[in-house]
Amino acid sequence: MDLINAALSKYVYVVTIFLMVAGLFVVVARANMIKKLVGLSIFQSSVYLLYLGPAKIFGATAPILDSDYTAY
Amino acid sequence: MELLISFALFTLLGVVTVAIVSQRNLVAVVILGSIYSFLIASVMVVLDAVDVALTEASVGAGISTVLLLAGLKLTRTRDYRGQDPNVVGALLAIAVGGALVWGSLVLPPFGAPDAPIHQHVAPRYIEGAGTEIGVPNIVTAVLADYRGFDTLGETTVVFVAGMAVLLLLRRSSLQSAPPSDDEQPAMSGDLVLRVGTKLILPFILLFALYVQFHGDYGPGGGFQAGVIAASAVILLGLTLGLRRARRIAPPALAHAMIPLGVLIFAGTGVATMLLGGDFLEYAVLAHEAKEGHHLGIMLVEAGVLVTVSGTMISLFYAFVERGR
């Protein structure tokens, strides 16, 4: 079970990096501007995921103060 | 359970990204991009980042899809021809990807409460949002109060970007004939769309106001509410015609709103200085510090709302009018 959890937790980071690389590839390798824009937005949102992924806590809630929760 | 949901959503993200990279039909690329944004918003909800999820859902899945489709109509392109495999791009992507995977090996396990990211400023903000600012939504407290200066910069970026796009698109609208007002909108023939739009419009605007004024207590704030309010005007313009949209939100008003919001934001800062505090030190706005913080956050968020909605509506008009 621990092994599965460890693999899944790496999976999140690997997919984030895959999105980043795919966005970069579209921006560099595709000539069409609309396609470049979509690639750029993929690249941009993968950067968000790189911030948000390591900040996730299991069992915690969104950062809105509430008396029922202690972990955010 | 959370891990399983993340697993499924991240897998879907990867699949959609592969489809975007390989797809050659540009309409399909834009629609897939909209699906991608919606998936990202869902992932952000799972990762407990509800404010940014609301932004991504309204900006990424909503407005930017409309603007990209308008761009496709302007450039009159549907497909692009195949090209030789790009070796340089592939090598660059592989090199960057390898470096990033190598770096990710030392990242803490996903979902761990003792990760370094939770050890430094985060506890300070979680502690202070309730006691110093008196705002339950910590994101709003950080965005509008602790980091109000950064948000002023962000609002100015929206202002400058909106101005730049308007200037770029305006040049040719002077050369071409003025747009005629009696033209039928593209989708006016569809009865379901017209009636549905009329039914749903008041609720979109009401939701925008809720997101704006509930931003202290729940996810939301000026950025999200501005985009949602603009999407109501854009929906009206797409289904019932530009003339109806112009009557509710005249382009001149939308243009004026872009600098007005920045002025409200910066004016709040100047007002706190005149009252004897520092720039954007809200505590001096009222007799009690917490009330001052509430008032300051409300004013600043109103400024953001005005600039963002003005920019989005102006961009929509600029794109659609150039397409005639």
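In this predicted model, helix H1(B) passes helix H2(B) in a left-handed crossing. Helix H1 covers residues 2-22 of chain B and helix H2 covers residues 26-46 of chain B; their axes lie 10 Å apart and meet at an angle of about 160 degrees. That makes H1(B) roughly antiparallel to H2(B), because angles over 145 degrees count as roughly antiparallel.

Who touches whom here? On the H1(B) side, the residues in contact include Leu9(B), Phe10(B), Leu13(B) and Val16(B), while H2(B) contributes, among them, Leu32(B), Tyr36(B), Leu39(B) and Val43(B). By class, the contact of H1(B) with H2(B) holds 16 nonpolar residues, four polar ones and one charged residue.

Now let's look at how the two chains meet. The contact draws 57 residues from chain B and 46 residues from chain A. On the side of chain B that touches chain A, H1(B) gives the largest share, ten residues. Helices H1, H2, H3 (50-75), H4 (87-104), H5 (122-133) and H6 (138-146) of chain B each give two or more residues to that side. Its make-up by class is as follows.

| Class, side of chain B touching chain A | Count |
|---|---|
| Nonpolar | 38 residues |
| Polar | 16 residues |

Over in chain A, Gly39(A) is worth a visit. Gly39(A) sits in helix H2 (residues 33-55) of chain A. Is Gly39(A) buried or exposed? Gly39(A) is buried, because 25 other C-beta atoms lie within 10 Å, and 20 or more is the cut-off for that label. Beyond its neighbours within four places in sequence, Gly39(A) is in contact with Gly23(A), Val26(A), Val27(A) and Arg30(A). Gly59(A) is 20 residues from Gly39(A) along the chain, and their C-alpha atoms are separated by 33 Å.

Note on methods
Residues are numbered from 1 along each chain as its sequence is written. Chains are lettered from A and ligands numbered from 1 in the order in which they are written. This is a predicted model: local features need pLDDT of at least 70, side-chain atom pairs count only at pLDDT 80 or more; totals for chains, interfaces and linings use all residues. Axes are lines fitted to C-alpha atoms, for helices over the stretch in contact, and angles run from 0 to 180 degrees between N-to-C directions. Helices (H or I, at least four residues) and strands (E, at least two) are DSSP runs, numbered from the N terminus. Angles under 35 degrees count as roughly parallel, over 145 as roughly antiparallel, 65 to 115 as roughly perpendicular and the rest as oblique. A crossing is left-handed if the near helix is turned anticlockwise from the far one by less than a right angle, and right-handed if clockwise. Two residues are in contact if their C-beta atoms, placed from the backbone, lie within 7 Å. Ala, Val, Leu, Ile, Met, Phe, Trp, Tyr, Cys and Pro count as nonpolar, Asp, Glu, Lys and Arg as charged, and the others, Gly among them, as polar. A residue is buried if 20 or more other C-beta atoms lie within 10 Å of its own, exposed if 12 or fewer, and partly exposed in between; C-beta atoms are placed from the backbone.
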